[in-house]
Amino acid sequence: MAGNLFLLKGWTITLIAALFALSAKDANKAFVLVAYFPALVFWILDGYFLSQERCFRALYNHVRTLDEAQIDFSMDTSPFKDEVRNTWAGAMFSRTLLIYYGSLVLIMLAIRYLVS
């Protein structure tokens, strides 16, 4: 899961930089507006993977406290999805993702208005 989170952040920067480069090359400001779409999509995906990772960590913490005879080797994480931290929205607006994607969107806004 951590590998997916890292790759999503890399792809986000790559696509946004490419769209900004296309915008500057062709002097087409529509590419700058299109750059917000991958930022939003990757933010949502990053939140999903982080919520899944948190659910599996909660499952692990639950299983490690059980007696060996009680362990059923189930990988069902649904009992742990009700915790606020483990929900999709809770993960999307976690401190790490909010700082990363929020600052990315703010930088994109600043570039858009400084270049215009």
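What we have is a predicted model, in which local features need pLDDT of at least 70 and side-chain atom pairs count only at pLDDT 80 or more, while totals for chains, interfaces and linings use all residues. Residues are numbered from 1 along each chain as its sequence is written, and side-chain values use heavy atoms, with hydrogens and water left out.

Let me begin with leucine 15, which lies in helix H1, residues 2–26, helices here being DSSP runs of H or I with at least four residues, numbered from the N terminus. Leucine 15 counts as partly exposed because its relative accessibility is 31%, where buried means under 20% relative accessible area, exposed over 50%, and partly exposed in between, with a 1.4 Å probe and protein chains only.

Turning to threonine 87, we find this residue in the loop between helix H3 (36–64) and H4, and with a relative accessible area of 27% it is partly exposed. Threonine 87 touches Ser51 and Lys81, if we do not count residues up to four places away in sequence, contact meaning heavy atoms within 4.5 Å. A polar atom of the threonine 87 side chain also lies 3.0 Å from the backbone nitrogen of glycine 90.

Finally, serine 94 sits in the loop between helix H4 (88–92) and helix H5 (95–115), and it counts as buried because its relative accessibility is 8%. Leaving aside neighbours within four places in sequence, serine 94 is in contact with Leu50 and Arg54.

How values were computed: Helix = DSSP H or I, 4+ residues; strand = E, 2+ residues; numbered from the N terminus. Polar contact = N/O pair within 3.5 Å; in protein donor to acceptor, adjacent residues only side chain to side chain.
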